[in-house]
Amino acid sequence: MSADAVIAVNRFGMGARKGELEKASRDPVQYLIDQLQPISFNEKLPNSDQLSIHLANYQQQKRLMKKEPDSEQAKDFAKQQKQIRRYLGGNFRALCCDTLQRAIHSEQSLAWRLLDFWSNHFSVTAKGQMMRVLAPTLEREAIAPRMFGPFHEMVLAVMHHPAMLVYLNNDKSFGPNSRIGRRGKGLNENLGRELMELHTMGVGSGYTQADVIEMAKGITGWSVARPQRDDTTGFMFRANGHEPGHRVLLGKTYRQGGEAQGVAMIKAVARHPATAKHVSTQLARHFVSDNPPESLIKKMTDRWLDTDGNLKEVMITLIKSDEAWHQERQKFKSPREYVISTCRALNFQPKKQQAFLWFLKSLGQSPFQANSPEGYGDIEADWNGPSAVMSRANWSSQIAKSRGFLDPVYTMRQLLGEQVSNTTELAVKRAESRPQALTVMLMSPEFLRR
């Protein structure tokens, strides 16, 4: 098995499964390109519209119970409260675990790595009841279907999704001169700022505070329907909350009215050359190195601009670039990558699905719990501390105990091919037991890095 096959499976994908290196060895580059295909989820799980209706009904019943605590309806609801809360919480766990399980068992793990990347790029935090309901639906509904098309289409979908609108308070952002604004409701700059700072152009790319305010005004009225009052769900443009007049962003005037104004402004920043460089840099940093070579970033940026931000073409450029195939493992796996690659490596399946969430919590990367819109860190310094490494050692030891029937040396060859140092090989062979040998392999530099 070639060194390039090991790189393809571990650096670009989520880690090897039994027999995967043989498949990749035939043509590692084409093996990866073939994985740039849409992914699917468990469609039996509820979507954001269905969950929003459940939550709205729950909240309405709570209000009624407070207002008329002795009514028969309130008494019935009191009996159902626990069941409804369990339904909403259970779906959060089910949605998170569905993504994890599919990444673990997938034959196109590159596509699932991309989903993780973009989900963290457009990070939302499940804080509060509404966000706990909505957060895991953003990646399924807005991101996953657009990972291989134009970037501006992904950005627009994310900006229209209730999870992002609620998370960054744009659902309550209204123009100062709009009808709603004149009644005292104010402008919120959060989404406009993060859109330019994190999601598209990046800090220091040339936009000003005035541009941020103009962007925020351009998307005033971009809100979320209240199922009980609006008789619908999802994105809702509230025209009476949109700031009237034209906007000037990055020196260009936008005279469109209504929602179209925000759409045109978002497309402009998503297609801006600074966005091409900023996001290409993040992609290269995620896949190749904490400090990716400028030559690689330039290739990806040029391809981005040539194809109007076609994300599949940018990824193919990354995959075909010599800079991405260096032999040295320069990326330290995040906890999520570590858990997924370990489960793939040992074909491990916990008895209870939600154990995946306990694993990630114990290693410090619970789904949708990043502390800010910036998401979880993507460089070694974020994860390679003494306490974090000790947590991995303890966790991998527990997993290895349950897989003690595996042959450690054979397993190591299936996962890492011949790309194992003499030190690691000797340590695995000299371990006192199979579980100990598996733990040594899982904590080896070859497995901790990709």
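Buried means under 20% relative accessible area, exposed over 50% and partly exposed in between, with a 1.4 Å probe and protein chains only. At 0% relative accessibility, Ala-111 counts as buried. The model is predicted, so local features need pLDDT of at least 70 and side-chain atom pairs count only at pLDDT 80 or more, while totals for chains, interfaces and linings use all residues. Residues are numbered from 1 along each chain as its sequence is written, and side-chain values use heavy atoms, with hydrogens and water left out.

**Helix H6 and Ala-111**

- Ala-111 lies in helix H6, residues 109-121; helices (H or I, at least four residues) and strands (E, at least two) are DSSP runs numbered from the N terminus.
- Leaving aside neighbours within four places in sequence, Ala-111 is in contact (heavy atoms within 4.5 Å) with Gln-35, Gln-37, Ile-39, Met-147 and Phe-148.
- Between the C-alpha atoms of Ala-111 and Pro-373, which are 262 residues apart along the chain, the separation is 23 Å.

- Two packed helices are described by the angle between their axes and the distance between the axes.
- Axes are lines fitted to C-alpha atoms, for helices over the stretch in contact, and angles run from 0 to 180 degrees between N-to-C directions.
- Helix H14 (residues 273-287) and helix H15 (residues 294-306) have axes that come within 8 Å and cross at roughly 135 degrees.
- That angle makes H14 oblique to H15; angles under 35 degrees count as roughly parallel, over 145 as roughly antiparallel, 65 to 115 as roughly perpendicular and the rest as oblique.
- The crossing of H14 and H15 is right-handed; a crossing is right-handed if the near helix is turned clockwise from the far one by less than a right angle, and left-handed if anticlockwise.
- On the H14 side, the residues that meet H15 are Pro-273, Thr-275, Ala-276, Lys-277, Val-279, Ser-280, Thr-281, Leu-283 and Ala-284. On the H15 side they are Leu-296, Ile-297, Met-300, Thr-301, Trp-304 and Leu-305.
- The residues of the contact of H14 with H15 comprise ten nonpolar, four polar and one charged. Ala, Val, Leu, Ile, Met, Phe, Trp, Tyr, Cys and Pro count as nonpolar, Asp, Glu, Lys and Arg as charged, and the others, Gly among them, as polar.
- H15 also packs with helix H16 (residues 311-320), at an angle of about 155 degrees and with the axes 9 Å apart.
- H15 and H16 are therefore roughly antiparallel to each other, and their crossing is right-handed.
- From H15, Leu-296, Lys-299, Met-300, Arg-303 and Trp-304 make the contact with Leu-311, Glu-313, Val-314, Thr-317 and Leu-318 of H16.
- Six nonpolar, one polar and three charged residues make up the contact of H15 with H16.

**Ile-33 and its partners**

- Ile-33 is found in helix H3, residues 28-33, and is buried, with a relative accessible area of 12%.
- Not counting residues up to four places away in sequence, Ile-33 touches Ile-316, Ile-319 and Lys-320.
- The C-alpha atoms of Ile-33 and Met-315 are separated by 8.3 Å, although the two residues are 282 residues apart along the chain.

- Seven of the ten residues of helix H11 (residues 209-218) are buried, so H11 is largely enclosed by the rest of the structure.
- The buried residues of H11 are Asp-211, Val-212, Glu-214, Met-215, Ala-216, Lys-217 and Gly-218.
- Their cover includes helix H10 (190-199), strand E1 (222-224), strand E3 (247-249) and helix H13 (259-270).
- Thr-208 caps the N-terminal end of H11, with a side-chain oxygen 3.3 Å from the backbone nitrogen of Ala-210.
- Asn-188 lies in the loop between helix H9 (162-167) and H10 and is buried, with a relative accessible area of 19%.
- The side chain of Asn-188 reaches the backbone nitrogen of Asn-190 at 2.8 Å.
- Apart from neighbours within four places in sequence, Asn-188 is in contact with Leu-168, Asn-169, Asn-170, Ser-173 and Ala-216.

**Loop residues with positive phi**

- Asp-231, in the loop between helix H12 (227-230) and strand E2 (235-237), has a positive phi of about 60 degrees although it is not a glycine.
- Asp-231 is exposed, with a relative accessible area of 72%.
- Phe-368 is in the loop between helix H18 (355-363) and helix H19 (386-402), and its phi is near 55 degrees, a positive value in a residue other than glycine.
- Phe-368 counts as buried, at 12% relative accessibility.

Methods
A polar contact is a pair of N or O atoms within 3.5 Å; within protein, one must be able to donate a hydrogen and the other to accept it, and residues adjacent in sequence count only if both atoms are side-chain atoms.
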